[in-house]
Amino acid sequence: MEITEFVETLRLDGGLLADAAQEAGPDARIPACPDWQMRDLVTHVGRTHRWATEFVTQGGQRPSRPSEAPDLADDELVPWLREGHHHLVLALDSAPQDLTAWTFLPAPSPLAFWARRQAHETSVHRADAQQAAGASLTPLPSAFAADGIDELLTGFHARDRSRVRTDTPRTLRLRATNARGADWTVHLSDAPPRTVRTAPDADGPEAAKPADCTIEGPAEELYLALWNRLPWDALTVTGDESLPRLWQERAGI
């Protein structure tokens with residue numbers, strides 16, 4: 001996906017998140033994060049957007065933690081969220097292609113990393129806010145959802161901190177049925193998961209090997225299920241059903 005596509009998705013989902021937060025109110029519970037109310041979600045996203053904006057505008061080369069949120073009254077939270085989101089979109093829109101800045105997942109460039117990461121961060125939390133408000137989830141483009149699956153598998157769960165591990169080596173196949181080439185084989189062991197892109201037309205033997213468990217369905221449903229934002233009911237599971245349970249129990253970021 002192009003950087004401009006990520007920024008546009010970020011722009012749209014940030015506005016929808018703020019709208020849902022306004023509708024639900026600060027006390028609404030977040031279904032996927034039982035310890036959180038809406039004010040916690042808004043505070044988290046607002047801090048994260050401002051943190052990302054600092055890297056994009058200042059080119060920081062070292063990791064840092066998001067700044068603490070100001071002490072805001074409940075009726076100030078959503079305007080504060082909108083303000084930070086607006087500045088992040090502007091920062092990404094105007095950043096140079098050769099931006100240099102710290103990143104924490106593989107990406108073609110720092111600008112591509114921050115646009116992609118913040119688009120997915122915002123989309124997942126937009127789903128949280130809409131669920132808390134009792135609203136229907138706004139559909140995501142299948143290509144964007146497939147990209148988010150790829151980021152989750154080849155980025156987050158390739159790191160040492162991933163807890164998705166098995167004593168006996170197992171393989172998990174994930175396939176988005178409505179996105180071209182959206183097919184992955186996740187090798188599970190007592191080490192961090194190793195993911196190989198295994199589209200049907202991919203070169204090499206991985207695509208032809210059977211997996212211990214295959215999970216397939218539309219890209220958006222698979223994306224949100226892997227982020228534990230939707231149940232797995234809409235997905236087709238074939239093979240070892242303990243592997244989806246392992247993911248649900250241990251894949252939290």
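Which residue is the bridge partner of Arg175 in S4? In this predicted model, in which local features require pLDDT of at least 70, side-chain atom pairs count only at pLDDT 80 or more, and totals for chains, interfaces and linings use all residues, the partner of Arg175 in S4 is Asp183. Residues are numbered from 1 along each chain as its sequence is written, and side-chain values use heavy atoms, with hydrogens and water left out. Helices (H or I, at least four residues) and strands (E, at least two) are DSSP runs, numbered from the N terminus, and two strands are taken to pair if DSSP finds at least two bridges between them.

The strands considered here belong to an open sheet of five, arranged in the order S5-S4-S3-S6-S7 with mixed pairing.

S3 and S6, by contrast, run parallel and are joined by five bridges, with Glu216 in S6 as the bridge partner of Arg175. Five of the seven residues of S3 are buried, so this strand is largely enclosed by the rest of the structure, where buried means under 20% relative accessible area, exposed over 50% and partly exposed in between (1.4 Å probe, protein chains only).

Helix H5 (residues 142–154) packs on the sheet, touching S3, S4 and S5, and its direction makes about 20° with that of S4; contact here means heavy atoms within 4.5 Å. Helix H6 (residues 219–226) lies across S3 and strand S6 (213–217), running at about 140° to S3. Seven of the eight residues of H6 are buried, among them Glu220, Leu222 and Tyr223, and the buried residues of this helix pack against helix H4 (110–132), H5, S3, S6 and H7. H6 is followed by Asn228, whose phi is positive, near 60°.

In the segment after helix H7 (242–250) lies Ile253, which counts as exposed because its relative accessibility is 57%. Leaving aside its neighbours within four places in sequence, Ile253 is in contact with Leu152, Phe156, His157 and Trp227.

A further helix pair is formed by helix H1 (residues 3–24) and helix H2 (residues 38–58), whose axes come within 10 Å and cross at roughly 155°. This makes H1 roughly antiparallel to H2, given that angles under 35 degrees count as roughly parallel, over 145 as roughly antiparallel, 65 to 115 as roughly perpendicular and the rest as oblique. In the contact between these helices, Leu10, Leu17, Ala20, Ala21 and Ala24 of H1 meet Met38, Val42, Val45 and His49 of H2. The residues of this contact divide into eight nonpolar, one polar and no charged, with Ala, Val, Leu, Ile, Met, Phe, Trp, Tyr, Cys and Pro counted as nonpolar, Asp, Glu, Lys and Arg as charged, and the others, Gly among them, as polar.

Definitions and conventions:
Axes are lines fitted to C-alpha atoms, for helices over the stretch in contact, and angles run from 0 to 180 degrees between N-to-C directions.
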